[in-house]
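Trainee: I would like to go through the labels one at a time. Please set each value against its definition.

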Amino acid sequence: MAQNSSRQVGRHFLQIPGPSPVPDRILRAMDTPIIDHRGPEFAKLAKRCLDGIKTIFKTTNPVIIYTATGTGAWEAALANTLSPGDRVLMIETGQFATLWKKMAEKLGLKAEFIASDWRNGADPKAIEAKLREDKAKEIKAVCVLHNETSTGALTPIAEIRKAIDAAGHPALFMVDTISSLASTDYRHDEWGVDVSVGGAQKGLMLPPGMSFNAVSDKALAANKTSKLPKSFFAWDEMLAMNKVGFFPYTPATQMLHGLAVGIDMLHEEGLDNVFARHDRLAEATRRAAKAWGLENLNKNAAQYSPTITAILLPEDHDADKFRSLALELFNISYGASFGQYAGKYFRIGHLGDINDGTLIGALGITEMALSAAGIPHKKGGVQAAVDYLASAQAGAAKQAAE
């Protein structure tokens, strides 16, 4: 028998919940000569991006673009609006909410968690109750993840805005949109968010290394009295330079070329169509998992994520070993598990530049990997997804013809 080749054949199936695959069109846009970041050509590019990204956050206010991952944008949101010792209310929806809380504590803030079992999104009623208890109005910010990437739970942001208002509380409202922006409906202005944190490597389809702060007038006012130290992430210098199409430091020029094209691609498809596509693919994934007889980590069907599905394996089966085997045999990458559920689930990402065929391929590989790993499951998960997608597309075609 011939020795196996070390070369992987075909494209890798990158089914992690971001970074998502970068479309060829964006890769080509970034594959250009460097231009002068203090010249007129760059100013046109920067203004195109600064104006375009507002349409994705659905805001008329400024959106600040950072050469940093989403973690940097988290820090910018806190550092530009708060002061040492300020109380901030956060909700334990999963690993990334936990990391944001740890960051707040490192910055000298008093972070308070509303605890959960990681199997739901944030509860507006619990937030309202906590704010009503704060008679002295000492809580300065409420920080929530729109989509908890580690667990696949989508939090109703508009309902949390209503809860904050119902409590009559003046706290700033900060929202992490890193794994939801450009993949599901998000409305910074309409939902009364003060700082929206975003990242480019998921729904916007770029490589990692760019992130955002969409800011309200209330957040800009808080910035004037904020005492936390900031330099690289300072809003004032960024906003002043952005007005004329430049940045106070050297920006990621090639990433901006990609961002401009990514925004164009989203609008060419139509944001509502983008959101419907993600909803359709997410539902197909969930139907496959249900047909396999496997459980969704997120117990709240009303808060299912449109971008990532976390699937629990049966007891005594190691999800990390399953992921390793799937990568070795089938060249597919799944998202890891965290915290109290480490080793118990794997995550299928279905976001960004992905279509029905790509998802069916990934689900087919998953069904094969479950069999190869000896994990108890029922057959027919892929067929359940195929049936759903075929029906959904047929229904859409019929509606378009009418």
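**Labels and their cut-offs**

Mentor: Start with P19, which lies in the loop between β1 (13-15) and α1 (24-30). Helices (H or I, at least four residues) and strands (E, at least two) are DSSP runs, numbered from the N terminus. The peptide bond leading from G18 into P19 is cis.

Trainee: What omega goes with the cis label for the bond from G18 to P19?

Mentor: Omega there is near 0°. Before we go on, this is a predicted model, in which local features need pLDDT of at least 70 and side-chain atom pairs count only at pLDDT 80 or more, while totals for chains, interfaces and linings use all residues. Residues are numbered from 1 along each chain as its sequence is written, and side-chain values use heavy atoms, leaving out hydrogens and water.

Trainee: Why is K58 called partly exposed?

Mentor: Buried means under 20% relative accessible area, exposed over 50%, and partly exposed in between (1.4 Å probe, protein chains only). K58 has 28% relative accessibility, so it counts as partly exposed. K58 belongs to the loop between α2 and β2 (63-66). Its phi is near 60°, a positive value in a residue other than glycine.

Trainee: And what makes D316 count as exposed?

Mentor: Its relative accessibility is 79%, so D316 counts as exposed. D316 also has a positive phi, about 70°, without being a glycine. The loop that holds D316 runs between β12 (308-312) and α11 (319-330).

Trainee: How do you know that A214 is buried?

Mentor: The relative accessible area of A214 is 0%, and it is therefore buried. A214 belongs to strand β10 (residues 211-215).

Trainee: What does A214 touch?

Mentor: Contact means heavy atoms within 4.5 Å. Not counting residues up to four places away in sequence, A214 touches F57, P62, V63, H188, D194, V195 and S196. As for K230, it is 16 residues from A214 in sequence and 17 Å from it in space, C-alpha to C-alpha.

Trainee: What makes a set of residues a nonpolar core?

Mentor: The set holds buried Ala, Val, Leu, Ile, Met, Phe, Trp, Tyr and Cys residues joined through side-chain atoms within 4.5 Å. The largest such core here has 92 residues, and I127, M174, F212 and L259 have the most contacts inside it. Helix α2 (residues 40-57) gives the largest share of this core, 9 residues. A second, separate core has 27 residues, including I311, A326, A369 and L389.

Trainee: Which residues does L259 touch?

Mentor: Residues up to four places away in sequence aside, L259 touches C49, I53, I65, L204, L206, M210 and F212.

Trainee: Why is α12 called roughly antiparallel to α13?

Mentor: Axes of α12 (residues 356-372) and α13 (residues 381-401) cross at roughly 165° and come within 9 Å. That makes α12 roughly antiparallel to α13. In this pair, D356, I360, L363, G364 and E367 of α12 meet G381, V382, A385, V386, L389 and Q393 of α13.

Trainee: What about α10 and α13?

Mentor: Their axes come within 7 Å and cross at roughly 150°. Again the angle makes α10 roughly antiparallel to α13.

Trainee: How do you know that R280 counts as buried?

Mentor: R280 has 16% relative accessibility, so it counts as buried. R280 is part of helix α10 (residues 271-292). Neighbours within four places aside, R280 contacts D356, Y388, L389, A392 and Q393.

Methods
Axes are lines fitted to C-alpha atoms, for helices over the stretch in contact, and angles run from 0 to 180 degrees between N-to-C directions. Angles under 35 degrees count as roughly parallel, over 145 as roughly antiparallel, 65 to 115 as roughly perpendicular and the rest as oblique.
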